[in-house]
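Subject: Structure handover

Hello,

Here is the structure I promised to pass on. Please open it first, then read my notes below.

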Amino acid sequence: MKRALVTGVTGQDGAYLTRLLLAKGYEVYGAYRHSASGSFWRLHELGVLDDVKLEVLDLLEFTNILRLCQKVKPDEIYNLAAQSFVSHSFEQPVFTGDVNGLGVSRLLEAVRHVCPEARFYQASTSEMFGKVRETPQNEDTPFHPRSPYGVSKLYAHWATVNARESWGLHATSGILFNHESPLRGLQFVTRKITSTLARIALGEPVLLELGNVDAQRDWGFAGDFVEGMWRMLQQPQGGTYVLATGVTHSVRNFVETAAAALDLPLVWDGEGVSTTARHAKTGRTVLTIGAQLYRPAEVDHLLGDARRAADVLGWRPTVDFPELVTQLVRADFDRAKQGRILN
Ligand code: NAP
Ligand code: GDD
């Protein structure tokens with residue numbers, strides 16, 4: 001039986017990956033940090049909370065990481081733990097760099113000394129492309145991160161490549177474009193939209209306040225993407241792979257698609273911070289823009305080219321944009337009806 005260590009197990013990807021690995025017969029150790037909410041609702045929703053072996057781990061604490069690697073002696077390590085919210089990284093750049101950047105150095109040092117045969121996956125991100133130099137973006141596209149989050153992840157990406165080249169570790173960097181699900185955190189734009197619109201559709205007096213609705217993202221389904229992570233670690237050597245759907249949409253388009261799925265036809269007015277949207281039938285204002293939600297520097301446009309993953313890993317996304325939006329809308333509508341929007 002293979003043993004996997006999944007850091008960030010309380011997060012969206014941690015839950016889907018845990019379910020996938022358990023289904024493949026792995027013994028799964030899920031690492032979570034003490035200081036946090038300690039919320040295991042995602043693992044619970046996927047029905048795997050009782051099957052994963054939970055262990056405490058904080059990427060800020062080297063001895064903690066070292067002891068856990070010694071205890072688990074994993075065959076595969078998936079490092080999903082991160083301060084993953086881009087907006088927060090502008091407020092907490094040092095903390096973000098410590099967790100997302102130095103945290104990966106700590107983990108790689110532990111792997112190198114305690115379990116050098118373990119295969120290592122680092123959760124890298126399309127945010128590293130930032131102010132994109134070419135479209136679509138692939139493994140050879142130059143990086144230009146636009147946030148402390150992107151900078152921290154770029155450090156971790158190169159730390160992973162360097163561990164492969166210097167120490168011969170089986171270390172892989174998966175550059176994943178945005179992936180969503182009903183288990184996405186509420187602060188991210190997709191679930192912020194679907195959870196708020198669901199409540200509006202049910203007649204609750206709430207307003208959807210957004211920032212830059214013209215930003216474009218290549219949005220896929222988290223369940224597809226964790227399959228890609230696993231496939232990467234089944235390769236004979238470590239490497240770098242992009243996972244993306246190859247289709248991009250604006251935030252505004254996401255709102256329109258979600259509203260349509262809830263039978264809320266919208267009429268848009270204005271541009272930039274003056275943008276509003278109202279319900280076409282009732283005239284009620286549904287959406288406004290909050291200038292404070294704009295980021296100091298934005299990633300305007302992301303579109304991924306996942307041909308290497310298709311050719312080498314045989315990986316392809318199975319959920320397209322309309323299906324993804326519908327999935328989120330349905331889940332949030334059901335939750336809103338029961339008065340239990342979860343984060
Ligand atoms: P997520 O839901 O925000 O999960 C992040 C996880 O990291 C949570 O379990 C969190 O624990 C944990 N964590 C935060 N700080 C930690 C620390 N100091 N020590 C240990 N654990 C810590 O993120 P996700 O969407 O699942 O993404 C998983 C990984 O992929 C992240 O590294 C993210 O940056 C990266 N990524 C995500 C996407 C995407 O679109 N989802 C795309 C590219 C890359 P708490 O529950 O305690 O906060
Ligand atoms: N969160 C949020 N909230 N974003 C908003 C809002 C809002 O009210 N209004 C507009 N946006 C825009 C953001 O400015 C950004 O351009 C886009 O919506 C997506 O924002 P997020 O959903 O927060 O995701 P992200 O693209 O910044 O980062 C996510 O994807 C990365 C991969 O590219 C995170 O999951 C990162 O951890 C991940 O690396």
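Start with the ligand site. Domain 1 (3–180 + 220–243) and domain 2 (189–216 + 249–299 + 320–338) each give at least three residues to the shell around ligand 2. The domain bounds come from an automatic or database domain assignment.

A word on ground rules. This is a predicted model, where local features need pLDDT of at least 70, side-chain atom pairs count only at pLDDT 80 or more, and totals for chains, interfaces and linings use all residues. Residues are numbered from 1 along each chain as its sequence is written, chains are lettered from A and ligands numbered from 1 in the order in which they are written, and side-chain values use heavy atoms, with hydrogens and water left out.

**Ligand 2**

The shell holds 24 residues, and the closest include Tyr-149 and Arg-295. A residue counts as near if one of its heavy atoms lies within 4 Å. By class, 10 are nonpolar, 7 polar and 7 charged. Here Ala, Val, Leu, Ile, Met, Phe, Trp, Tyr, Cys and Pro are nonpolar, Asp, Glu, Lys and Arg are charged, and the others, Gly among them, are polar. For Tyr-149 the distance is 2.5 Å. For Asn-178 it is 2.7 Å, and for Lys-192 it is 2.8 Å. On its own, ligand 2 has 710 Å² of accessible area, and the protein covers 95% of that. Areas come from the Shrake-Rupley method with a 1.4 Å probe; for residues, only the protein chains shown count as cover.

**The core**

The largest nonpolar core has 74 residues. Such a core is a set of buried Ala, Val, Leu, Ile, Met, Phe, Trp, Tyr and Cys residues joined through side-chain atoms within 4.5 Å. Buried means under 20% relative accessible area, exposed over 50%, partly exposed in between. Helix α8 (residues 222–233) contributes the most, with 7 residues. Domains 1 and 2 both give residues to this core, so it lies between them.

Most residues other than glycine have a negative phi, and most peptide bonds are trans. Thr-135 and Pro-136 are joined by a cis peptide bond, with omega about -5°. Lys-73 has a positive phi, near 45°. Lys-73 is partly exposed, at 48% relative accessible area. Asp-263 also has a positive phi, about 60°. Asp-263 is exposed, at 56%.

Best wishes

Methods
Polar contact = N/O pair within 3.5 Å; in protein donor to acceptor, adjacent residues only side chain to side chain. Buried < 20%, exposed > 50% of the residue type's maximum accessible area, 1.4 Å probe, protein only. Helix = DSSP H or I, 4+ residues; strand = E, 2+ residues; numbered from the N terminus.
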